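Welcome! Please take a look at the model below, and then let us walk through it together.

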Amino acid sequence: MAPPDFANARTRHQKARSAGLHPDYWYPVEWDTAVRTGQVVEIVFWKRSIALFRGEDGVLRAVDDRCAHRQLKLSAGQVKGCNLVCLYHGWEHDGDGKIAHIPHDTFGKQVPKSRITSYPVQVRYGLIWIFPGNPSLAGEKSVPDIPEMDARWPSVPVDATWHGHHSMIIDNVSDFTHAYLHEKYRPFSDPVLTRLESRDDKVFVAYRTKVGGDPKTELVLNPAIDRGSIELCYSYPYQWSDTGGKIKHWCFVLPIDERRTRVFFLFLFAPDAYRLPFTRIRMPLPLVRGMLRLAKRAYILPLLDQDRVAIEAEQEGHERYHDQPIPELNPAVQEFQRLTISKWEEALA
Ligand code: FES
Ligand SMILES: [Fe+2]
């Protein structure tokens, strides 16, 4: 039997694993470079298909992925000028979702006034962000501030689609009790929870732990960085971490449905985070950037793939055994789930 939907979920765990994410936030949906001029792509926010396209003026627009005529997917059509053309009868839709042009005989009738929903779009930090909720709130909500991106810290962008519920990913990135999974890479070891505080739709967590430990990384990491603890935050609906003010990451989840999530990571390293091996000399930035490109392939992606494997196995387990009790030990996980549930209840209300 499939897991219960949110309305029928009984336990906190079942509720967390069936909740969506509140649409009144900005969500990253794609990298800016992935949508070229004249291109349309389909993106999905919690079962809602959206056609994202870039007109010949270079501006991105997002509308519901359905033709105003007969509901075909507009993402299967093409971009003409700054409009999106349906593949069937060629009706053109503009960025506001209005029918801009009908290329065939209209039998003496006016162009229908019906329109499809359009979504606010912006580009920041190399990512395309969409506001899927009430558009009148888009101006008061903002994309999270990442001053390190503005300061051009060396960064490693990663994205993936994982077959797991978004709450499993939030649990995973903030719950360090899974150090066992990463024994091979040791991104953190022997974590002890030292802070857990819920405030204003945020859950703050800290661990005393040893961050890093991979011998190759030790060779080049600046020894002055305090890696004896890490702070993390589930800043709904986003997640970040900070090690000694020098190594940071952001994790953004784009919920597709109950069992699939696209996840975007930005890993950020202070300009003085690395030194030349066996010296105290700061590694030049071009070298840092080149090294990080290698580290992405050799370390970061394989490490994240361990999380993917675990999360996808957890999703499978959840679908089979959702009725079984979960003896959750880490109180932080309970707080993340409470926040996810209460925000989804707020969205449904
Ligand atoms: S179905 Fe799209 S133009 Fe007719
Ligand atoms: Fe992990």
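A residue is called buried when its relative accessible area is under 20%, exposed when it is over 50%, and partly exposed in between, using a 1.4 Å probe and protein chains only. By that rule K343 is buried, with a relative accessible area of 3%.

Before going further, note that this is a predicted model: local features need pLDDT of at least 70, side-chain atom pairs count only at pLDDT 80 or more, and totals for chains, interfaces and linings use all residues. Residues are numbered from 1 along each chain as its sequence is written, chains are lettered from A and ligands numbered from 1 in the order in which they are written, and side-chain values use heavy atoms, leaving out hydrogens and water.

**Two domains**

The chain is divided into domain 1 (27-137) and domain 2 (147-348), with bounds that come from an automatic or database domain assignment. Their centres, taken over C-alpha atoms, are separated by 33 Å. Where they meet, 13 residues of domain 1 are in contact (heavy atoms within 4.5 Å) with 21 residues of domain 2. The area buried between the two domains is about 1600 Å², and carbon and sulfur atoms give 68% of that. Buried area here is the accessible area (1.4 Å probe) that two parts lose on being put together, summed over both.

The count between domain 1 and domain 2 is 3 salt bridges. On the side of domain 1 that touches domain 2, β1 (27-31), β2 (40-45) and β11 (127-130) each supply at least two residues. Strand β1 gives the most to that side, with 5 residues. Helices (H or I, at least four residues) and strands (E, at least two) are DSSP runs, numbered from the N terminus.

**Salt bridges**

A salt bridge is a side-chain nitrogen of Lys or Arg within 4 Å of a carboxyl oxygen of Asp or Glu. A search of the whole structure finds 29 of them. Here are some examples.

| Pair | Closest N to O |
|---|---|
| R124 and D150 | 3.6 Å |
| K343 and D201 | 2.9 Å |

Which parts of the chain does the pair of K343 and D201 link? K343 sits in helix α6 (residues 331-348) and D201 in the loop between β13 (188-199) and β14 (202-211), 142 residues apart. While K343 is buried, D201 counts as partly exposed, at 34% relative accessibility.

E148 and K248 are both buried. R124 counts as partly exposed at 27% relative accessibility, whereas D145 counts as exposed at 57%. Elsewhere, R17, D171 and E314 are linked in a network of salt bridges.

**The nonpolar cores**

A nonpolar core is a set of buried Ala, Val, Leu, Ile, Met, Phe, Trp, Tyr and Cys residues joined through side-chain atoms within 4.5 Å. Of the 86 residues in the largest one, L52, F252, F265 and Y274 touch the most other members. Helix α5 (residues 285-321) provides the largest share of this core, 8 residues. This core also draws at least three residues from each of domain 1 and domain 2. Apart from it lies another core, of 14 residues, among them V40, V63, C67 and L74.

What is F265 in contact with, leaving aside its neighbours within four places in sequence? Its partners include W31, V156, W162, H249 and L304.
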